[in-house]
Amino acid sequence: MAEIPSSGKVQGTLRQILRLEALLLGLLCLWLFQRSGASWWLFGGLILVPDLTMLGYLAGPRVGAVVYNAGHTLLGPGLLAAIGLGTQSSPALAIALIWGVHIFIDRTLGYGLKYPTAFGDTHLGLIGQAGKGA
């Protein structure tokens with residue numbers, strides 16, 4: 001029987017399953033965006049906007065993690081998508097899908113939600129030089 005890691009980070013096969021799951025959901029968001037008829041210029045202009053939350057790290061790792069996680073959880077795009085569907089707002093739905101694609105690409109690449117210890121310390125394991133081979 002495999003040991004459960006006490007590190008608070010997903011490891012091994014479970015990590016790979018979560019990354020594959022993120023890939024599938026990212027592709028689904030991308031497909032839905034394509035079907036929405038929204039502008040690919042909008043997509044190109046907004047796809048990296050969630051990464052502006054990394055600026056929170058200028059105030060230190062604790063604040064940085066809170067700000068980064070706020071922009072990289074599905075709460076924001078999920079709520080925006082619900083509003084877009086409820087009000088029949090195509091722009092809101094398109095932005096929610098772009099945001100979702102961004103989050104799921106990050107998760108596919110192993111960039112998880114951040115712990116307040118350091119940027120590279122995520123729920124999916126270490127990223128960067130410390131995470132080589134993870």
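Which residues line the largest pocket? In this predicted model, the lining consists of L25, C29, L32, L74, P77, G78, A81, L93, A96, L97, G100 and F104. The volume of this pocket is about 150 Å³. By residue class, the lining comprises 10 nonpolar and 2 polar residues, with no charged residue. At least two lining residues come from each of α1, α4 (75-87) and α5, and α5 makes the greatest contribution, with 5 residues.

The overall architecture comprises 5 helices and 2 strands, arranged along the sequence in the order α-α-α-α-α-β-β. The protein has 134 residues, of which 35% are classed as buried. Where contacts link residues at least 6 apart in sequence, 58% of them connect residues at least 24 apart.

In soluble globular proteins, nonpolar side chains tend to be buried together. Here, the largest nonpolar core is formed by 11 residues, namely A22, C29, F33, A38, F43, I47, A94, L97, I98, V101 and F104. Two or more residues of this core are provided by each of α1 (12-36) and α5 (90-108), with α5 accounting for the largest share, 5 residues. C29, L97 and F104 are listed both in this core and in the lining of the largest pocket. Another core member, I47, touches I98, V101 and H102 when residues up to four places away in sequence are not counted; of these partners, I98 and V101 also belong to the core.

Note on methods:
Residues numbered from 1 in each chain as written. Predicted model: local features only at pLDDT ≥ 70, side-chain atom pairs only at ≥ 80, totals over all residues. Heavy atoms only, no water. Core = buried A, V, L, I, M, F, W, Y, C linked by side-chain atoms within 4.5 Å. Buried < 20%, exposed > 50% of the residue type's maximum accessible area, 1.4 Å probe, protein only. Helix = DSSP H or I, 4+ residues; strand = E, 2+ residues; numbered from the N terminus. Contact = heavy atoms within 4.5 Å. 1 Å grid on protein atoms, 1.4 Å probe; cavity = no way out; pocket = protein on both sides within 12 Å on 5 of 7 lines; lining within 4 Å. Points joined across faces, edges and corners; volume = space filled by probe spheres on them. Nonpolar A, V, L, I, M, F, W, Y, C, P; charged D, E, K, R; others polar.
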